[in-house]
Amino acid sequence: MRRIIVGITGATGVIYGVRLLEALRNAGIETHLILSDSGKKNMRIETDFTIEDVEGLASQVHDIKNLASSISSGSFRTDGMVIAPCTVKTLSGVAHSYNDNLIVRAADVVLKERRRLILVVRETPLHKGHLELMSRVADLGGIILPPIPAFYHSPRTIDDLLDHTTGKILDLLEIDNSLFTRWKGTNPVKGEM
């Protein structure tokens with residue numbers, strides 16, 4: 001069975017993490033969830049989900065303070081990790097291997113084991129320091145996937161936008177999905193070439 005770690009931090013957009021957990025559960029993927037305290041707070045502010053609802057979507061829930069958790073070791077095999085949403089504080093922790101909580105420790109393990117790490121950084125606008133942190137994580141092997149909406153699939157609802165970002169995450173994890181309509185190109189208009 002495939003196994004993915006999901007971290008939800010306190011950036012706005014905690015619904016991205018929730019939607020990812022739903023999609024992974026629907027795909028039959030084992031999930032290991034870590035919720036930060038700020039992520040829990042934003043869950044209450046931004047959604048109608050309870051913490052128990054969200055934890056119930058995961059196969060296993062890990063305490064962010066438990067640095068002795070199974071997922072803190074490279075010997076615990078996973079297929080990767082997604083932090084959605086990812087705060088700049090967490091981005092900075094990952095960029096500098098500052099393992100002061102389980103989200104950052106698990107991300108550090110994923111990087112050192114050469115597994116897929118995807119950070120859904122939710123911040124705007126960005127200053128040079130943010131961009132340098134993203135560049136540093138990319139140099140370490142991480143993937144930066146800001147939740148930037150696409151419009152070629154003619155989204156009509158917030159769910160359409162969430163599904164597009166979630167589908168892109170699943171694509172990077174090599175998990176088949178049909179959460180959004182894929183680009184098929186255009187037919188040239190007569191006289192335009």
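At 53% relative accessibility, W183 counts as exposed, because the cut-off for that class is over 50%. The model is predicted. The ring of W183 pairs with that of Y152 in an edge-to-face arrangement. The two ring centres lie 5.7 Å apart, and the planes stand at 75 degrees. This is the 1 aromatic pair that the structure holds. The pair links distant parts of the chain. Y152 sits in the loop between β6 (143-144) and α7, whereas W183 belongs to the segment after α7. The partners are 31 residues apart. Y152 is partly exposed, at a relative accessible area of 36%. That value falls between the limits of under 20% for buried and over 50% for exposed.

Helix α7 also packs against the helix α1. Helix α1 spans residues 14-26, and helix α7 spans residues 158-172. Their axes lie 10 Å apart and meet at an angle of about 60 degrees. That angle makes α1 oblique to α7. The class of roughly perpendicular begins at 65 degrees. The crossing of α1 past α7 is right-handed. On the α1 side, the contact is made by I15, Y16, R19, L20, A23 and L24. On the α7 side, it is made by L162, D163, T165, T166, I169 and L170. By class, the contact has 8 nonpolar, 2 polar and 2 charged residues. In an α-helix there are 3.6 residues a turn, so residues three or four places apart point the same way.

Helix α4 covers residues 88-95. This helix is mostly covered, with 6 of its 8 residues buried. The buried residues are V88, T90, L91, G93, V94 and A95. Several elements contribute to the cover over them. These include the strands β4 (81-86), β5 (117-121) and β6, together with the helices α5 (102-112) and α6 (128-140).

T90 counts as buried because its relative accessibility is 8%, and the limit for burial is under 20%. Leaving aside residues up to four places away in sequence, T90 touches T9, I83, I103 and V104. Beyond the helix, α4 is followed by S97. The phi of S97 is positive, near 50 degrees.

Methods. Residues are numbered from 1 along each chain as its sequence is written. This is a predicted model: local features need pLDDT of at least 70, side-chain atom pairs count only at pLDDT 80 or more; totals for chains, interfaces and linings use all residues. Side-chain values use heavy atoms; hydrogens and water are left out. Axes are lines fitted to C-alpha atoms, for helices over the stretch in contact, and angles run from 0 to 180 degrees between N-to-C directions. Helices (H or I, at least four residues) and strands (E, at least two) are DSSP runs, numbered from the N terminus. Angles under 35 degrees count as roughly parallel, over 145 as roughly antiparallel, 65 to 115 as roughly perpendicular and the rest as oblique. A crossing is left-handed if the near helix is turned anticlockwise from the far one by less than a right angle, and right-handed if clockwise. Contact means heavy atoms within 4.5 Å. Ala, Val, Leu, Ile, Met, Phe, Trp, Tyr, Cys and Pro count as nonpolar, Asp, Glu, Lys and Arg as charged, and the others, Gly among them, as polar. Rings of Phe, Tyr and Trp (its six-membered ring) pair if their centres lie within 6.5 Å; planes under 30 degrees apart count as stacked, over 60 as edge-to-face and the rest as tilted. Buried means under 20% relative accessible area, exposed over 50%, partly exposed in between (1.4 Å probe, protein chains only).
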